[in-house]
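These notes are meant for a colleague who is opening the model for the first time.

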Amino acid sequence: MIYQGKALSASFLEDGIAELCFDLQGDSVNKFNRLTLEELGEATQALASESGLKGVVVTSGKPVFIVGADITEFTELFTLPDAELRGWLEQANAIFNAFEDLPVPTVAAINGVALGGGYEMCLACDFRVMSSAAVVGLPEVKLGINPGFGGTVRLPRVIGCDNANLWVATGNQQKPDAALKDGGVDAVVAPELLKDASVDLLKKTLAGEFDYQARREEKMSPVKLNDIERMMAFTTGKAMVAQQAGKNMPAPVTAVKSMERNATLSRDEAIEVEIEHFIKLARTPQADALVGLFLNEQGVSKTARTIAKQGGDVKQGAVLGAGIMGGGIAYQSAYKGTPILMKDIAEAGLELGMKEAGKLLSKRVARGRMTPDKMAAVLSSIRPTLSYDGFDKADVIVEAVVENPKVKHAVLAETEKHIREDAVLASNTSTISITYLAEALERPENFCGMHFFNPVHAMPLVEVIRGEKTSETTVARTVKYALQMGKTPIVVNDCPGFFVNRVLFPYFAGFDMLVRDGADFRHVDKVMERFGMPMGPAYLMDVVGIDTGFHAAEVMAEGFPDRMRHPFKGISQMMFEANRYGQKNGIGFYKYEEDKRGKPKKTEDETALSMAAEAKMNSVELSDDDILARMMIPMCIETVRCLDESIVGSAADADMGLIMGIGFPVFRGGAMRYIDQMGVKAFVEMADRYADLGKLYQVTDSLREMAAKGESFFK
């Protein structure tokens with residue numbers, strides 16, 4: 001044994017060839033935490049002192065190679081003063097450099113996921129052999145930062161500047177074929193051949209068949225491009241990246257700038273440039289939000305998996321109602337491997353549901369993501385039916401009929417008679433109380449809400465709603481089914497609108513009040529899109545369906561009359577009364593016509609502008625900051641209310657729900673992190689300036705108390 005630590009070990013495999021094996025104790029994956037970095041430095045020193053050493057193969061003792069840096073340490077690192085953060089980065093890079101400088105050839109045997117720092121370890125090796133089951137990449141920009149362990153230095157020198165721009169700026173994982181084609185790895189082999197192939201490559205290098213020193217020299221030297229070639233590569237690269245990333249995501253462009261600046265330098269000088277850019281990005285609110293979001297996502301996922309363990313098996317699903325939503329649920333269940341029955345009362349409904357599933361599968365085939373045989377197998381696992389035949393075999397049955405309490409009561413009561421006593425019955429309702437719907441059932445403990453978002457295949461969130469009598473086993477099985485469907489479930493307690501819609505409708509109310517006070521709805525849309533929302537509120541209403549929104553707003557007004565019933569007729573109600581429902585009938589706040597690809601194209605409509613003028617009751621001078629504040633304050637305060645009332649379990653759950661449910665901008669991290677970044681005290685002061693607009697704008701006592709104590713939701 002050359003070295004034995006808690007995160008890695010080094011030992012001789014055979015004559016002169018050593019294996020450096022990463023195998024972090026007490027963890028299911030390898031990652032670069034402080035311990036691993038420290039031990040890599042110690043192991044490298046031990047290897048360097050071995051007089052008989054001829055070469056090193058870097059391996060993993062786990063199914064993954066190295067997933068990257070330990071993100072849980074980032075929140076602490078990012079608060080360090082610049083000098084301390086720089087010192088940590090310089091120390092880490094000195095360890096990577098020392099390994100790269102070993103006086104023998106090195107080969108990375110990439111058996112599984114090698115991302116971020118994991119792939120940077122591979123780049124520090126002279127050669128890279130990849131399993132056909134592995135993926136590699138540098139995803140740091142997705143956390144709002146650029147690589148920090150030499151990735152922007154070594155990658156352009158290994159795969160060329162154009163490829164490096166694409167790899168680093170997108171942060172995408174690279175599959176074996178693409179990695180080999182671009183030169184990111186030297187060979188791809190079957191998993192069972194990986195170690196032998198890596199050792200064989202070392203032996204051939206030692207025999208003089210490959211020149212590892214020449215390869216190493218390329219990584220130590222400036223990029224081999226002349227001034228014009230370098231300018232063309234990076235000028236074009238920056239322009240493309242800036243267009244794709246947008247102004248709210250500085251990391252991709254900054255990472256390309258880092259590569260541009262370090263391209264003319266030696267390795268050690270270039271790494272200083274990378275560190276400079278890393279520190280700059282670590283100070284941005286985007287990095288704070290994206291790292292926080294990553295940690296929130298891990299926490300939410302862990303909670304869901306823990307809950308699901310108590311759920312029992314879900315081998316057969318069923319859905320009631322075969323429209324667009326029912327067809328989407330059936331598709332998602334079958335595509336992810338759980339067979340499903342799809343019931344409707346009419347043959348036309350079944351045809352619509354199967355058509356929806358077939359359309360989604362056909363798109364996957366057309367894009368090369370699925371074979372026709374696989375498509376046929378998935379479709380055959382969806383069984384359309386007009387009867388309850390087979391429902392006694394279903395473990396979870398999802399009701400997805402029209403959003404009408406009386407209809408749902410009737411359907412749920414009838415369905416309960418045809419299913420097992422231990423089966424879970426769930427309602428895909430967006431607003432109706434689960435406790436109220438359960439009144440029609442003999443076994444309310446087996447009933448809960450399972451709220452999918454439209455379109456089902458694209459929206460990752462599922463709200464699992466616990467009614468007053470819902471059992472924990474019912475919640476657990478529903479969570480498990482959602483996970484099997486590839487969704488992220490968040491468990492919430494029952495109230496009108498549950499969580500996502502409850503906080504969305506105050507946002508819509510803020511919009512109606514802005515139009516009432518003279519704001520141009522087109523300009524409000526632009527302000528919110530610049531903030532980062534995927535679409536402004538008027539456009540969003542058109543996409544959701546103004547009729548759907550109006551009926552949901554009535555439910556919310558009945559549930560929370562003190563703040564969600566408004567003493568004026570807003571533009572949304574006027575649109576509904578004029579039968580302008582948005583994209584579903586081609587006219588709403590905007591007019592819609594199909595483009596060449598058959599998708600609805602938005603254009604302005606004079607009648608909508610006239611209606612907005614009619615809805616205007618006041619002429620308030622409104623800046624863009626006023627518009628943003630008046631849109632965001634109601635949503636944020638209602639989210640705090642949901643936390644106070646335990647509708648949602650944590651600030652992390654709340655933010656994840658908003659990001660996955662309504663497309664809240666990821667680089668802002670969610671409503672709670674938005675308040676945190678502004679400062680709770682500053683948010684309260686801002687809200688107080690608009691408090692005369694009504695209770696939606698009046699902060700809770702809990703938020704005012706947090707402001708007084710200097711508290712925050714995450715920090």
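1. Residue classes are used in several points below: Ala, Val, Leu, Ile, Met, Phe, Trp, Tyr, Cys and Pro count as nonpolar, Asp, Glu, Lys and Arg as charged, and the others, Gly among them, as polar. By this division, the lining of the second largest cavity holds four nonpolar, three polar and one charged residues.

2. The model is a predicted one, in which local features need pLDDT of at least 70 and side-chain atom pairs count only at pLDDT 80 or more, while totals for chains, interfaces and linings use all residues. Residues are numbered from 1 along each chain as its sequence is written, and side-chain values use heavy atoms, with hydrogens and water left out.

3. The protein chain contains 31 helices and 19 strands, where helices (H or I, at least four residues) and strands (E, at least two) are DSSP runs numbered from the N terminus. The C-alpha trace spans about 85 × 65 × 55 Å along its principal axes. A compact globule of 715 residues would have a radius of gyration near 27 Å, and the 28 Å of the protein chain agrees with this; the radius is taken over C-alpha atoms, and the globule rule is 2.2 Å times the number of residues to the power 0.38.

4. Two cavities of 30 Å³ or more are found in a search of the whole structure. On a 1 Å grid over the protein atoms alone, a cavity is a set of points where a 1.4 Å probe fits but cannot get out, a pocket is an open set with protein on both sides within 12 Å along at least five of seven lines, and lining residues have an atom within 4 Å of a point. Grid points are joined across faces, edges and corners, and a volume is the space filled by probe spheres set on the points.

5. The largest cavity holds about 50 Å³ of space, and its lining includes Glu 416, Arg 420, Leu 425, Leu 441 and Phe 447. That lining divides into five nonpolar, one polar and four charged residues. For the second largest cavity the volume is about 40 Å³, and among the residues that line it are Ile 324, Glu 356, Pro 455 and His 457. Helix H14 (324–335) and helix H15 (347–366) each supply at least two residues of this lining.

6. What lines the second largest pocket? This pocket has a volume of about 1,000 Å³ and is lined by 42 residues, of which Val 67, Ile 71, Leu 143, Phe 294 and Gln 298 lie nearest its centre. Helix H13 (285–308) is one of the elements that give two or more residues to the lining, along with helix H3 (82–100), helix H4 (117–124) and helix H28 (651–662). H13 gives the most, with nine residues, and the lining as a whole divides into 21 nonpolar, twelve polar and nine charged residues.

7. An open sheet of eight strands, with mixed pairing, has the order S12-S11-S10-S13-S14-S15-S16-S17; two strands pair if DSSP finds at least two bridges between them. Strand S12 (382–385) and strand S17 (488–493) stand at the edges with a single partner strand each, so one side of each is left without a neighbour in the sheet. Within the sheet, S10 (residues 317–320) and S13 (residues 396–399) pair in the parallel sense over four bridges, with Ala 318 standing opposite Ile 397 in S13.

8. An open sheet of seven strands, also with mixed pairing, has the order S1-S2-S3-S4-S5-S7-S9. S1 and strand S9 (187–189) stand at its edges, each with a single partner strand, so one side of each is left without a neighbour in the sheet. A hairpin joins S1 to S2 through three residues, and six bridges join S2 to strand S3 (residues 17–22) in the antiparallel sense. In the hairpin of S2 and S3, which has two residues between the strands, Gly 16 takes a positive phi near 80 degrees. Strand S5 (residues 106–110) and strand S7 (residues 127–131) instead pair in the parallel sense over four bridges, and Ala 108 stands opposite Arg 128 in S7.
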